[in-house]
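Hi everyone, thanks for coming. I'd like to walk you through one structure today, so please have a look at it with me before I start talking.

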Amino acid sequence: MSDDSRPSPAQAGPAAGEHTRSEAGAPTHAEAGAPSHAEAGSPARVAAVIPAAGRGVRLGPGAPKALRTLNGTPMLIHAVRALAASRHVTLVIVVAPPDGAPEVKSLLDAHALPERTDFLVVPGGESRQESVKLGLDALPPGHGVVLVHDAARPLVPVDTVDAVIEAVRDGAPAVVPALPLADTVKEVEPAATPGDPEPVVATPERARLRAVQTPQGFDRDTLVRAHETVTDDVTDDASMVEQLGLQVVTVPGHEEAFKVTRPLDLVLAEAVLARRRLNDGF
């Protein structure tokens with residue numbers, strides 16, 4: 001894309017749901033009928049979907065979680081930059097709050113983002129699952145690999161993103177980054193009243209357990225089929241693929257890909273950014 005095709009923050013950008021970084025009336029590279037990777041003999045092209053429609057009530061009152069700032073920059077922008085840092089990712093679809101797509105579009109226009117990556121903003125749904133489906137519905141042809149990434153994981157390293165992409169390109173239908181658990185885990189009978197004692201019913205073998213992160217990567221057709229088939233409420237997209245009877249594999253996650261959920265996580269994320277600025281010039 002040429003610099004002339006990129007809207008400045010002062011210019012009116014395209015309406016929510018339209019591609020940025022494209023000339024008026026011209027399709028982006030994702031819409032121009034590019035051959036699939038199988039036809040071209042090249043690796044599958046990669047798109048990322050970032051559901052960012054949640055309120056994040058555990059962070060306390062204020063802006064939606066994805067729009068909270070870290071070092072003065074919204075978490076969503078950090079997350080978009082983290083995925084766009086991978087040279088394999090050519091399109092990022094941000095799924096905004098149902099009534100917040102114009103705000104998110106303006107936010108993307110106002111921040112420096114990689115020129116090689118196209119961006120698309122679409123309104124989200126009432127649940128994360130519905131929002132991911134809406135992002136998939138907006139995905140143009142030509143992308144055989146899809147990443148789904150939490151906006152609340154703004155600091156995922158690019159090496160983790162690339163490891164997920166490589167594993168999908170190598171043939172895995174679904175890939176998740178994961179970390180071994182440091183704590184012993186107990187399965188309990190949930191208390192009827194929060195805060196009451198809960199009986200332990202089992203202690204799973206810790207060596208077989210992993211804490212799963214994002215981005216999760218998928219063969220596009222597999223993820224589309226999962227969203228068309230699975231109606232149960234799930235906490236991640238890989239669980240939907242499991243319900244299809246397909247194997248999900250893990251790659252090593254990273255401690256800095258943690259999810260910003262509570263106020264203490266914001267403090268930790270600021271500390272990580274400060275260390276990166278000091279050590280890496282980030």
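Let me begin with a definition: a patch, as I use the word here, is made of residues with over 30% relative accessible area and no salt bridge, with like charges joined within 9 Å. Please also keep in mind that this is a predicted model.

With that in hand, which residues gather in a patch of negative charge on the surface? They are Glu-187, Glu-189, Asp-196 and Glu-198. Take Glu-189 as an example: its place is in the loop between β8, residues 187-188, and β9, residues 200-202. Glu-189 counts as partly exposed because its relative accessibility is 47%.

Now let's step back to the whole chain. The protein chain has eight helices and 12 strands. Of its 282 residues, 46% count as buried. The accessible surface comes to about 14000 Å², and carbon and sulfur atoms hold 52% of that. If you take the contacts with a separation of 6 or more, 72% of them are between residues 24 or more positions apart.

Helix α3 gives us a view of the buried part. This helix covers residues 101-110, and its buried residues are Ala-101, Val-104, Lys-105, Leu-107, Leu-108 and Asp-109. You'll notice that a lysine and an aspartate are on that list. And what do the buried residues of α3 pack against? The answer is β3 (73-74), α2 (75-84), β4 (89-96) and β5 (118-123).

You'll find Ala-151 in the loop between β6 (145-148) and α5 (158-169). Is Ala-151 buried or exposed? It counts as buried, because its relative accessibility is 4%. Leaving aside residues up to four places away in sequence, Ala-151 touches Ile-50, Pro-51, Ala-52, Ala-66, Met-75, Leu-76 and Ala-79. There is also Pro-215, 64 residues from Ala-151 along the chain, with 9.8 Å between the two C-alpha atoms.

On to the charged pairs. Side chains of opposite charge can pair when their charged atoms come close. How many salt bridges does the structure hold? There are seven, and I'll show you three of them.

Asp-237 forms a salt bridge with Arg-128, and the closest N and O atoms are 2.9 Å apart. This pair links distant parts of the chain: Asp-237 sits in helix α7 (residues 237-243) and Arg-128 in helix α4 (residues 128-137), 109 residues apart. Asp-237 is buried, at a relative accessible area of 2%, whereas Arg-128 is partly exposed at 28%. Both belong to a network of salt bridges that links Arg-128, Asp-150, Arg-153 and Asp-237.

An α-helix has 3.6 residues a turn, so residues three or four places apart point the same way. Lys-133 is partly exposed, with a relative accessible area of 27%.

My last pair is Glu-256 and Arg-275, whose side chains meet in a salt bridge at 2.5 Å, N to O. Glu-256 lies in the loop between β12 (248-252) and α8 (263-280), and Arg-275 lies in helix α8, so the pair ties together parts that are 19 residues apart in sequence. Glu-256 counts as buried at 10% relative accessibility, and Arg-275 as partly exposed at 33%.

That's my tour, and I'm happy to go back to any part of it. Thank you!

Methods
Residues numbered from 1 in each chain as written. Predicted model: local features only at pLDDT ≥ 70, side-chain atom pairs only at ≥ 80, totals over all residues. Heavy atoms only, no water. Helix = DSSP H or I, 4+ residues; strand = E, 2+ residues; numbered from the N terminus. Buried < 20%, exposed > 50% of the residue type's maximum accessible area, 1.4 Å probe, protein only. Contact = heavy atoms within 4.5 Å. Patch = residues over 30% accessible without salt bridge, like charges linked within 9 Å, V, L, I, M, F, W, Y side chains within 5 Å. Areas by Shrake-Rupley, 256 points an atom, 1.4 Å probe, with all protein chains shown as cover. Salt bridge = Lys/Arg side-chain N within 4 Å of Asp/Glu carboxyl O. Lys, Arg positive; Asp, Glu negative; His and termini not counted. Charge placed at Lys NZ, Arg CZ, Asp CG, Glu CD.
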